[in-house]
Amino acid sequence: QVQLVESGGGSVQAGGSLRLSCAASRYIYSYNCMAWFRQAPGKEREVVAAIYTGDDSTSYADSVKGRFTISHDNAEKKVYLQMNSLKPEDTAMYYCATIPGRACGASRWTREYDYAYWGQGTQVTVSS
């Protein structure tokens, strides 16, 4: 089993920044697809960004491209989501998830069912 714990959420004003962290208890494989999802009340869960830790390749949802940056630190078993220029529509519960031992691929990273492990989430609230 792998436990994922998110942190760094909070309340900020529009235009502000926030940095989310996801700490993994362990990695079953050396390299993994790591991703951030989010879900706002009354809306479907959506993928925000993904990174394959084997080559640092990244993918982003159009809604956050240019504003959010996903990164990782394999030594600390952490993945980060730097969120800049936050908008009220970014308000959501943010979840960390992983596809063990696999690259994120061209489309695999968008498939929620491919993720084997999920964190409990951290709340991000952006006020206008």
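Visitor: Which residues line the largest cavity?
Guide: This is a predicted model in which local features need pLDDT of at least 70 and side-chain atom pairs count only at pLDDT 80 or more, while totals for chains, interfaces and linings use all residues. Residues are numbered from 1 along each chain as its sequence is written, and side-chain values use heavy atoms, with hydrogens and water left out. A cavity is a set of points on a 1 Å grid over the protein atoms alone where a 1.4 Å probe fits but cannot get out, and a lining residue has an atom within 4 Å of a point. The largest cavity is lined by Val2, Leu4, Ala24, Arg26, Tyr27, Ile28, Asn32, Met34, Thr98, Pro100 and Tyr117.

Visitor: How much space lies in the largest cavity?
Guide: Grid points are joined across faces, edges and corners, and the volume is the space filled by probe spheres set on the points. The count comes to 1 cavity of 30 Å³ or more. The space in the largest cavity is about 50 Å³.

Visitor: How many residues of the lining are charged?
Guide: Asp, Glu, Lys and Arg count as charged; Ala, Val, Leu, Ile, Met, Phe, Trp, Tyr, Cys and Pro count as nonpolar, and the others, Gly among them, as polar. The lining has 8 nonpolar and 2 polar residues, and the number of charged ones is 1.

Visitor: Why is strand 3 largely enclosed by the rest of the structure?
Guide: Strand 3 covers residues 18-24. Strand 3 is largely enclosed because, of its 7 residues, the number buried is 5.

Visitor: Which residue in strand 3 is the bridge partner of Glu6?
Guide: Two strands pair if DSSP finds at least two bridges between them. Strand 3 pairs in the antiparallel sense with strand 1 (residues 4-7) over 4 bridges. In strand 3, Glu6 has as its bridge partner Cys22.

Key. On a 1 Å grid over the protein atoms alone, a cavity is a set of points where a 1.4 Å probe fits but cannot get out, and a pocket is an open set with protein on both sides within 12 Å along at least five of seven lines; lining residues have an atom within 4 Å of a point. Buried means under 20% relative accessible area, exposed over 50%, partly exposed in between (1.4 Å probe, protein chains only). Helices (H or I, at least four residues) and strands (E, at least two) are DSSP runs, numbered from the N terminus.
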